[in-house]
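Please examine the sequence and the structure before turning to each worked solution.

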Amino acid sequence: MGDGIATGVMVRVTGASSTERGTEGIVKTVRPGWAGKEAVVVVDGVLRSREVAIPVTDLSRQ
């Protein structure tokens with residue numbers, strides 16, 4: 001997990017401990033986080049899109 005995660009890549013949250021598990025979106029940026037690298041993922045919603053910060057180890061490429 002976490003291989004090849006870069007800006008503009010479509011990803012799915014696959015981490016077992018993540019509250020966003022199963023969410024899909026596009027990576028806006030990768031930045032340092034409190035537990036290593038994290039990605040800001042733009043997720044489309046019903047009314048508007050939102051941004052969530054997810055550890056890179058909890059992501060897989062689509």
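**Exercise 1. Determine how many cavities of 30 Å³ or more the structure holds, and describe the largest cavity.**

Step 1. The structure holds 1 cavity that reaches 30 Å³ or more. A cavity is a set of points on a 1 Å grid over the protein atoms alone, where a 1.4 Å probe fits but cannot get out. The volume of the largest cavity is about 40 Å³, a volume being the space filled by probe spheres set on the points, which are joined across faces, edges and corners.

Step 2. The model is a predicted one, in which local features need pLDDT of at least 70 and side-chain atom pairs count only at pLDDT 80 or more, while totals for chains, interfaces and linings use all residues. Residues are numbered from 1 along each chain as its sequence is written, and side-chain values use heavy atoms, with hydrogens and water left out.

Step 3. Lining residues have an atom within 4 Å of a point. For the largest cavity they are Gly33, Trp34, Ala35, Gly36, Lys37, Glu38 and Pro55. Strand E3 (residues 36-43) supplies the largest share of this lining, 3 residues; strands are DSSP runs of at least two residues, numbered from the N terminus.

Step 4. Sorted by class, the lining has 3 nonpolar, 2 polar and 2 charged residues. In this scheme Ala, Val, Leu, Ile, Met, Phe, Trp, Tyr, Cys and Pro are nonpolar, Asp, Glu, Lys and Arg are charged, and the others, Gly among them, are polar.

**Exercise 2. Describe how strand E3 pairs with E2 and with E4.**

Step 1. Two strands pair if DSSP finds at least two bridges between them. Strand E2 (residues 24-33) and E3 run antiparallel and are joined by 7 bridges. Val27 has Val41 in E3 as its bridge partner.

Step 2. In the hairpin formed by E3 and E4, 6 residues lie between the two strands.

**Exercise 3. State how many salt bridges a search of the whole structure finds, and examine those of Arg12, Arg50 and Glu51.**

Step 1. Side chains of opposite charge can pair when their charged atoms come close. The criterion for a salt bridge is a side-chain nitrogen of Lys or Arg within 4 Å of a carboxyl oxygen of Asp or Glu. The search finds 4 salt bridges.

Step 2. In the salt bridge between Arg12 and Glu24, the closest N and O atoms are 2.1 Å apart. This pair links distant parts of the chain, 12 residues apart: Arg12 belongs to strand E1 (residues 10-13) and Glu24 to strand E2.

Step 3. Arg50 and Glu20 form another salt bridge, with closest N and O atoms 3.2 Å apart. Because Arg50 lies in strand E4 and Glu20 in the loop between E1 and E2, the pair ties together parts that are 30 residues apart in sequence. Glu20 is buried at 17% relative accessibility, whereas Arg50 is partly exposed at 38%; buried means under 20% relative accessible area, exposed over 50%, and partly exposed in between (1.4 Å probe, protein chains only).

Step 4. Glu51 and Lys28 meet in a salt bridge of 2.6 Å, N to O. They also link distant parts of the chain, Glu51 in strand E4 and Lys28 in strand E2, 23 residues apart. Glu51 is partly exposed at 47% relative accessibility, and Lys28 is partly exposed at 45%.

Conventions
On a 1 Å grid over the protein atoms alone, a cavity is a set of points where a 1.4 Å probe fits but cannot get out, and a pocket is an open set with protein on both sides within 12 Å along at least five of seven lines; lining residues have an atom within 4 Å of a point. Helices (H or I, at least four residues) and strands (E, at least two) are DSSP runs, numbered from the N terminus.
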